[in-house]
Amino acid sequence: MATVTRRIGLSLGADICWPMCYEAMMKRLDLRIPVGDDIVDFEVERVTIEPFDLRQPCRYDLVVDRLTHWYHTSREWIKKSVLMDNLYVFNNPWSVQSMEKHTSYCAMMALGLPIPDTWMIPPKEYDPKDDLETTLSRYARLFDLGQVGSKLGYPMFMKPFDGGGWKGVSRIDSEAALRASYEESGKNVMHIQRAVDPFDLFVRVIGFGPQTYFVRYDPTAPLHDRYTLDRDFLPDDQRKMLGDMCLTINTFFGWDFNSCEALRKDGRWYPIDFANACPDSQVTSLHYHFPWLVVSNLKWSIFVAATKRKMRRTLDWDPYYEVAARGLSFADRLDGYARIARQRLEADRFEEFCATHLRHVDEVAWDFFGSDLAKDAVRQKVTALFPAHEIEEFTELFWKRIQLWRQQSAGGR
Ligand SMILES: Nc1ncnc2c1ncn2[C@@H]1O[C@H](COP(=O)(O)OP(=O)(O)O)[C@@H](O)[C@H]1O
Ligand SMILES: [Mg+2]
């Protein structure tokens, strides 16, 4: 049997903590996985930024990417490598580039998910352009924002149609506040969306390949406490439904790694923000949940690279629309979407692969997240983000939460 090496590239920006842990754990795992007639081992490298020939080959089997959504040169190198060299990348760069919040709302409304009512409003101001005056004077209808507001109903949220990171988001309780927010929105194209209010539970579902993870989220807490430490806050049927929604969204858009925010009101779940491909991965926000992220990333990376899973270059939406057209109940429809999702993500094959080849990962993680190196990764990230006098306190806080994860984790001893 020949030994062949699969190369995994990490395409990184300001990331510190998770790549350190990912690289160190991959070393500790020291994998040699039989695949066909070969024994496969793995090398992890950080991708560098440099001039490239469009016809040059790509040395990676998989790239875990954190740059596509804002750094063009890496994105274009990734697109070339997917098109020309069979590279697999987390996530599909075309869909990250073009599928903003608005598209994700429309698509999931079309599939019948209970997205709160949402309107788009033409912008308050424009950059000057040659044909702008003529176009607007001919076709832009004067509108009464107050009327749109009362059709939608208060309270509502105003947010950029392609937003993220809470930028430009405001809660609006009255017509006066709506007018004031619109005045402030400038050149942004905004949505107004009916608030899910009051909600009794806010959950973030993180999907990594076919793996899903549920966190109760507290949007009113300071950043380091927004991901709460609560467990068992979801009954099994709701957990399944939210997991199915997340995998439906992720596979619809070709996202291996995404998070979906949903709010519960009167027993019903409303997804409100789910175009978050490549979500926050830092220990300073995830803390207790951080080991799950590193382990899930590793498992899905190893599976993809070892099996040479083929990247789906196009999105192919028709099968979802076919399920939507069957006139099924909501539960059956979601079941139909989730079946497509699990198939696309090879969920059964992945589970079998983990059970056969990656049984020791949880134990290695349990050991690793008690090590000096893991603590150093936490400290380095805290040092990059916090003022000097808070470094010690927050390093200890996040470390303590990771140790709580070790005490409670099923992989513990
Ligand atoms: N329809 C809504 N109902 C209730 N709260 C909302 C709604 N839309 C947004 N929010 C609140 O505003 C926050 C930011 O909005 P979100 O859509 O998540 O934008 P971003 O992509 O910037 O995170 C959410 O985390 C939530 O607390
Ligand atoms: Mg959000």
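## An exposed turn residue

With 8 C-beta neighbours inside 10 Å, Asp266 counts as exposed. On this scale a residue is buried if 20 or more other C-beta atoms lie within 10 Å of its own, exposed if 12 or fewer, and partly exposed in between, with C-beta atoms placed from the backbone. This is a predicted model, in which local features need pLDDT of at least 70 and side-chain atom pairs count only at pLDDT 80 or more, while totals for chains, interfaces and linings use all residues. Residues are numbered from 1 along each chain as its sequence is written, and chains are lettered from A and ligands numbered from 1 in the order in which they are written.

Asp266 lies in the loop between S12 and S13. Helices (H or I, at least four residues) and strands (E, at least two) are DSSP runs, numbered from the N terminus. Although Asp266 is not a glycine, its phi is positive, about 50°.

S12 and S13 form a hairpin with 2 residues between them, Asp266 being in the turn. The strands S12 and S13 (residues 268–273) pair in the antiparallel sense over 5 bridges; two strands count as paired if DSSP finds at least two bridges between them. Lys265 stands opposite Arg268 in S13. On another flank, S12 (residues 257–265) pairs with S10 over 8 bridges, again in the antiparallel sense. Two of the bridge partners in S12 can be named here: Arg264 for Leu201, and Asn258 for Gly207.

Strand S10 (residues 201–208) is mostly covered, with 6 of its 8 residues buried. S10 also pairs with S11 (residues 211–216), antiparallel and over 6 bridges. Phe208 has Gln211 as its bridge partner in S11.

## A buried glycine

Leaving aside neighbours within four places in sequence, Gly209 is in contact with Asp256, Trp300, Leu345 and Phe350; contact here is defined by C-beta atoms, placed from the backbone, that lie within 7 Å. The C-alpha atoms of Gly209 and Leu62 are separated by 14 Å, and these residues are 147 apart along the chain.

## A four-stranded open sheet

Another set of 4 strands forms an open sheet in the order S6-S9-S7-S8, with antiparallel pairing. S6 (118–121) and S8 (170–172) stand at the edges, each with a single partner strand, so one side of each has no neighbour in the sheet. On average, neighbouring strands of this sheet are turned by 25° against each other, direction ignored. Axes are lines fitted to C-alpha atoms, for helices over the stretch in contact, and angles run from 0 to 180 degrees between N-to-C directions.

Helix H6 (residues 145–152) packs on the sheet and touches S6, S7 and S9 (190–194), its direction making about 165° with that of S6. S7 is largely enclosed by the rest of the structure, because 4 of its 5 residues are buried. S7 (residues 156–160) and S8 run antiparallel and are joined by 3 bridges, and Met156 has Ile172 as its bridge partner in S8. S7 pairs with S9 in the antiparallel sense over 5 bridges; there, the bridge partner of Met158 is Ile192.

## Helices H1 and H10

How do two helices pack? In general, they are described by the angle between their axes and the distance between the axes. H1 (residues 17–29) and H10 (residues 290–307) pack at about 55°, with their axes 10 Å apart. That makes H1 oblique to H10, since angles under 35 degrees count as roughly parallel, over 145 as roughly antiparallel, 65 to 115 as roughly perpendicular and the rest as oblique.

Trp18, Cys21, Tyr22, Met25 and Met26 in H1 meet Leu293, Val294, Asn297 and Leu298 in H10.

## Backbone details

One runs from Phe90 to Asn91, with omega near 5°, and Asn91 is in the loop between S5 (88–90) and H3 (93–98). Another joins Asp197 and Pro198, with omega about -5°; Pro198 is in the loop between S9 and S10.

Definitions and conventions
Contact = placed C-beta atoms within 7 Å.
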